[in-house]
Amino acid sequence: LYATGDLARHTTGGVLEYLGRIDDQVKVRGVRVEPQEINTALARHPQVVSAHTTVVEARLVSYVTTTQPVPTDQLVEHLRSVLPAEMVPAVIVTVPSFPLTPNGKVDTAALPLPGTQRPHLSTRHVPPQGRTEQWLAGLFSRILGIDGIGAGDDFFALGGHSLLVAQATAHIRQAFDIHLPLRQIFDTPTITALAHVIEELTDGR
């Protein structure tokens, strides 16, 4: 037998009724993820007190309490060093404390929804300059659901992942009529760096 971790029951009519999961696993982008592994990894960061990870609008979102404000990109980089890419949450939200149910568990429904504002990052916000940077900022904003993206912001620190890389690359190829390798955004994840590559590819047209 293969234990899937799914909870089900046979009804009197012989139908197999799916009830949920025995564990806390969630499925995001076709991959099963154990939120507790993410929570444990976050808690290893010296400034993180506690963490709770859940799925909000088909995105992995981690909520953390900290001893002092921590830039989101530092937490993302910390997770990248210890977890596979598919387990790094799209959004990390810092909260003063976790709302609890009468049973003492985290009340997920009472947690604030992730906003559209640019997260707190280590990099200083620099407005995009020039047509290419501004176009890329608009594209990243639509794909990531974040306003006010700066020219030096890292695509992955803002919640980007491999599927969104493919989507962004397709839009760029079509808009600029260039052959942009899928790997390019991984290599140059900021708007400034990516705009430079695009302008080199389109130079002389």
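This is a predicted model: local features need pLDDT of at least 70, side-chain atom pairs count only at pLDDT 80 or more; totals for chains, interfaces and linings use all residues.
**View A. The hairpin of strands E5 and E6.** Strand E5 covers residues 48-56 and strand E6 covers residues 59-66. The two strands run antiparallel and are joined by 8 bridges. Within this pairing, Thr54 has Val61 of E6 as its bridge partner. The hairpin has 2 residues between the strands, and Glu57 adopts a positive phi near 50°. In a regular strand, side chains alternate between the two faces of the sheet.

**View B. The packing of helices H1 and H2.** Helix H1 (residues 35-43) packs against helix H2 (residues 72-80) at an angle of about 115°, and their axes are 10 Å apart. Because of this angle, H1 is roughly perpendicular to H2. The crossing of H1 past H2 is right-handed. H1 contributes Ile38, Ala41 and Leu42 to the contact, while H2 contributes Leu75, His78 and Leu79. By class, the contact of H1 with H2 comprises 5 nonpolar residues, 1 polar residue and no charged residues.

**View C. The packing of helices H3 and H6.** Helix H3 spans residues 130-144 and helix H6 spans residues 191-202. Their axes lie 9 Å apart, and the helices pack at an angle of about 120°. H3 is therefore oblique to H6. The two helices form a right-handed crossing. On the H3 side, Thr132, Glu133, Leu136, Ala137 and Phe140 take part in the contact. These residues meet Ile191, Thr192, Leu194, Ala195, Ile198 and Glu199 of H6. Sorted by class, the contact of H3 with H6 has 7 nonpolar, 2 polar and 2 charged residues.

Methods. Residues are numbered from 1 along each chain as its sequence is written. Side-chain values use heavy atoms; hydrogens and water are left out. Two strands pair if DSSP finds at least two bridges between them. Helices (H or I, at least four residues) and strands (E, at least two) are DSSP runs, numbered from the N terminus. Axes are lines fitted to C-alpha atoms, for helices over the stretch in contact, and angles run from 0 to 180 degrees between N-to-C directions. Angles under 35 degrees count as roughly parallel, over 145 as roughly antiparallel, 65 to 115 as roughly perpendicular and the rest as oblique. A crossing is left-handed if the near helix is turned anticlockwise from the far one by less than a right angle, and right-handed if clockwise. Contact means heavy atoms within 4.5 Å. Ala, Val, Leu, Ile, Met, Phe, Trp, Tyr, Cys and Pro count as nonpolar, Asp, Glu, Lys and Arg as charged, and the others, Gly among them, as polar.
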